[in-house]
Amino acid sequence: MARSGCEEAAIDPEERPVAALVGRKHEIAQLELALNSGRKGLRCYLLPGDPGIGKSRLLDELRKRAESRHAVVWATQGLDTDRELNFGLVSSMIRSAIAAPRSPGPVTSAACTKLMGLLSRLESTRVPSAVERGQVVRAVRDLAESLADRTLVLLIDDAHWLDNASVDLLRQLSGQPQSARMMICAAYRPRQASTHLRAAVDALITDGAHVLRLGALSPDEARIVLGASTPPQIARHAIESGGGVPEYLIALATQAKTGQAESVAIRSEYGALAAETQAIAKAAAVLGSEFDPGYLAAVSGRSGDEVAAALDDLARRDILRAGRNGLLMFRHEIVQRVFYDLMGPGERRVIHARAAEALQAAGAPAEERAVHLEATATVGDITAVGVLLRAAISARWREPTSAARWYAAASRLLPVGHPAHPPLSLAGAESLLQAGQLQGALRAFNHTMTLVPGPTSRVRARAAVGAARAARLNGLYDDAELLLNRETGGDEAIFAVPEIWLERLSLHISCAEFAAAREIADQIASMVDLRGQCSGVRAAAQALIGFALALTGDVDAGLAHTTTAGRILDSLSDTELSPALDAILWLGLADRYAGRYEQAAKRQTRGVALARASGQQEALGRLLVCLAMTRLAIGNLADARACAEEAVAIAQSIDSNQLLMLSRAAESRVSLWQGSVHAAVIAAESVAPFAASHRGWISTFTSAAHGQALIAADDPVGGAAVMLKAAGGPDLPLVDLGSRAEWYEQLARASLAEGLLGQAQRWADQACTAAEESGLEAAYGYAALTASAVLLADDRSNEATLRAMAAAVHFERSGNALDLARARLAIGRALGSDGRREAATTELRRAQAAFAAAGAILLERETARELRRLGVRGSRAAARGDEGRNLDLLTRREREVADQVARGLTNREVAEAMFLSEKTIERHLSSVFNKLGIRSRVALVMLLGNTTSSAAG
């Protein structure tokens with residue numbers, strides 16, 4: 001019988017290199033304790049875990065460490081045939097040791113000879129008697145005792161296949177006192193464990209066996225497994241889909257790189273199946289990762305009884321599991337893919353053809369039949385084209401990636417020159433754009449235009465608009481402009497096709513070309529009759545025109561257009577609105593710009609739900625960023641963070657640098673308000689290189705967040721430099737009118753931090769000018785707040801109070817809840833400086849309550865300091881309570897470090913206890929201090945002690 005003892009299963013350095021063990025520090029530490037123990041007796045360790053989780057790799061690591069300590073290591077791997085023989089476990093270990101001894105051992109000793117003779121007599125299908133079982137137990141103990149001071153280490157992989165006699169042997173060895181040094185480590189799959197093994201495991205645990213459950217690797221550990229050479233997008237997909245299982249991670253990455261799923265372990269599972277079971281497993285793989293078993297007989301060409309027997313075997317091996325609604329599923333998608341790729345193209349085609357026939361006979365939906373027709377239909381099969389089109393149309397607003405696939409498959413089946421090629425190509429390109437696959441969409445749109453090379457047609461115009469939009473969303477503004485210029489043929493031509501001028505206006509806004517945007521918005525408003533357009537186009541046009549007017553200071557005229565857009569959008573059903581999410585995006589921006597936050601949040605929330613349901617990933621990411629900034633303005637920081645973090649994940653999944661800049665900038669802004677300055681800087685700096693190499697308002701928005709974070713992190717020079725470079729100089733020409741006052745406030749703050757009062761005054765003057773030009777309440781608020789800060793720095797506290805009060809009025813009108821609280825903080829600070837303690841305390845209390853309610857920890861802490869300066873009693877205790885709430889900002893690892901330090905451990909002791917480096921502990925502790933607003937270990941001990949006491953009370 002072929003067998004893999006550790007001597008054989010271990011990866012021999014002479015054969016191929018062994019990758020370093022990743023993770024499993026806790027498990028290794030426990031096993032090291034057992035190896036290092038000099039005490040006699042048996043130590044038993046159980047390693048339950050799903051397939052591919054790393055049990056075999058951990059056993060191999062244990063084998064190497066045991067041999068380095070001169071232990072005698074005997075190892076075996078269970079096989080499905082083992083249950084037919086008695087004591088296959090021990091006999092296979094001895095045979096492996098005899099065949100390939102790694103170090104001097106007891107394989108030639110009298111005790112070993114005695115044991116082998118006993119096993120030879122009992123290795124049959126006859127159930128051994130209790131006496132015979134006892135003889136084997138004593139023989140194993142005698143063998144261990146013959147080793148004198150050496151430890152006998154028994155490593156058992158795939159113990160779920162062990163025969164009952166071997167299972168009983170483990171149980172009896174564990175239940176009796178031992179005078180020898182022995183260690184047993186058994187790895188098994190819980191789902192495949194027999195009833196006998198499960199009962200034995202319970203008994204072993206009762207007898208003191210240690211259970212080391214192997215869980216999923218963390219994302220950081222998964223990245224190490226995949227290696228630095230794995231492209232980031234492939235690594236992210238593997239980590240998201242692999243569930244932290246090393247085998248799956250590597251197989252998924254291999255599939256993404258080569259198009260072929262490969263896994264030695266999964267292939268070996270397939271190889272262990274009987275031929276009939278293999279045939280049915282392949283038929284199941286063709287049906288998909290989740291499938292209806294009722295089709296298997298027809299698809300595999302086997303009888304119902306043969307199918308039933310094979311399914312039982314596949315379930316017993318944990319290859320298949322029960323799914324929902326009576327379906328079956330492979331335990332993981334990569335298992336299905338490996339089984340599928342094991343077939344040759346001819347065999348796959350035959351099975352797909354059977355599946356297509358079976359599904360057609362059963363009247364299955366077009367989407368279920370599409371994958372099989374794609375694999376088998378030939379050019380000219382118009383019936384197959386019809387099915388694929390129905391599948392594409394059905395999937396379009398749920399799974400646009402699948403829709404694009406079916407459109408492409410249908411197009412391939414049409415004869416060359418067929419008139420349906422251009423519209424099918426266009427529909428596929430639009431589906432890819434909807435799914436957020438910007439580069440693929442751009443290629444598909446360009447291909448569509450090559451199919452319609454003649455005069456401008458509706459299909460070509462839509463393809464040109466789609467290509468320009470894909471380029472714009474990818475930050476390729478010059479390419480987008482070239483596409484639009486090429487298709488318009490003249491200034492007047494842009495008004496012939498509404499989508500073209502709509503995209504051109506979007507491009508001007510994205511490029512921060514506000515004057516050009518205003519010019520084309522005026523032209524559209526005066527020259528285009530929108531009455532004949534669909535509701536989505538009319539709404540998007542009105543929203544864009546209104547936003548462009550507001551950006552250039554004509555707020556009232558812009559409001560008329562955005563009001564019309566809102567009325568149209570609110571009247572649309574979800575089905576009508578799903579294709580028009582750009583209208584929600586632009587209208588939400590316009591509403592937020594004008595201070596209509598509640599309206600913006602309501603529409604953006606609806607847009608987010610529709611984007612999720614329709615698979616519009618890129619639109620979903622942008623809507624989430626807009627909703628994050630809206631919720632930030634109204635003081636809902638927790639929801640704002642959730643939106644920003646989800647947008648980051650989407651940006652990474654679709655590999656969009658533009659969306660990543662937006663989402664990281666939003667994340668940075670939220671982190672700053674929540675009091676985590678360090679996190680704000682990291683988030684902004686992670687996309688700073690992209691911002692520096694791009695132009696347009698997204699780059700400017702990102703640089704603003706970066707500069708603001710640097711200023712808050714006590715780097716006013718660096719922060720101001722970043723902002724001024726991105727804005728095009730002191731006059732901020734690349735910043736829209738309505739945002740300039742807010743920028744000038746940050747620049748003035750940086751100047752005040754440097755002690756440059758004159759420069760700060762100049763920024764304050766420019767903020768006032770910008771506010772007048774924009775006409776927005778929020779802009780007036782920022783200008784007044786800037787003036788107040790400069791006046792207070794110049795010891796003109798009475799004037800500073802008046803300007804801060806004016807800021808509060810403006811922010812209350814605009815609905816900026818957190819900025820209103822900032823204005824009240826400024827009022828309180830100015831009043832306190834003017835000696836009006838009671839009035840100052842009232843304003844500061846109001847500000848503190850608003851910051852606390854929003855979770856704006858940094859400013860809440862600052863307000864508490866102002867109150868303490870005024871000698872207000874209770875503010876220090878309140879501050880401690882505030883810091884207690886900051887514990888929610890700590891990551892799981894940071895909280896673990898904080899708890900260990902609070903117990904009195906040094907950094908080195910914490911590092912040893914958590915199996916981390918001392919430098920890593922220092923980094924985590926620095927982050928903890930920053931987030932909690934404390935400066936010493938004593939403060940941390942007091943804070944955690946107070947928090948625990950409060951929770952207990």
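Visitor: Which residue in β4 does Leu-47 stand opposite?

Guide: Leu-47 stands opposite Ala-187 in β4. This is a predicted model, in which local features need pLDDT of at least 70 and side-chain atom pairs count only at pLDDT 80 or more, while totals for chains, interfaces and linings use all residues. Residues are numbered from 1 along each chain as its sequence is written, and side-chain values use heavy atoms, leaving out hydrogens and water.

Visitor: How many bridges join β1 to β4?

Guide: There are 8 bridges, and β1 and β4 run parallel. Strands here are DSSP runs (E, at least two residues), as are helices (H or I, at least four), numbered from the N terminus. Two strands pair if DSSP finds at least two bridges between them.

Visitor: And which residue in β5 is opposite Tyr-45?

Guide: That is His-210. Strand β5, residues 210–211, pairs with β1 over 2 bridges, also in the parallel sense.

Visitor: Why is β1 largely enclosed?

Guide: Because 7 of its 8 residues are buried, β1 is largely enclosed by the rest of the structure. Buried means under 20% relative accessible area, with a 1.4 Å probe and protein chains only.

Visitor: New topic. How many cavities of 30 Å³ or more are there?

Guide: The count comes to 4. A cavity is a set of points on a 1 Å grid over the protein atoms alone where a 1.4 Å probe fits but cannot get out.

Visitor: What lines the largest one?

Guide: Its lining includes Cys-44, Leu-46, Ile-184 and Leu-197; lining residues have an atom within 4 Å of a point. β1 (41–48), β4 (181–188) and α8 (195–206) each give two or more residues to that lining.

Visitor: What about the largest nonpolar core, how many residues has it?

Guide: It has 150 residues, and Leu-505, Ile-509 and Phe-851 have the most contacts inside it. Such a core is a set of buried Ala, Val, Leu, Ile, Met, Phe, Trp, Tyr and Cys residues joined through side-chain atoms within 4.5 Å. Helix α27 (residues 535–551) supplies the largest share, 11 residues.

Methods
On a 1 Å grid over the protein atoms alone, a cavity is a set of points where a 1.4 Å probe fits but cannot get out, and a pocket is an open set with protein on both sides within 12 Å along at least five of seven lines; lining residues have an atom within 4 Å of a point. Grid points are joined across faces, edges and corners, and a volume is the space filled by probe spheres set on the points. Buried means under 20% relative accessible area, exposed over 50%, partly exposed in between (1.4 Å probe, protein chains only).
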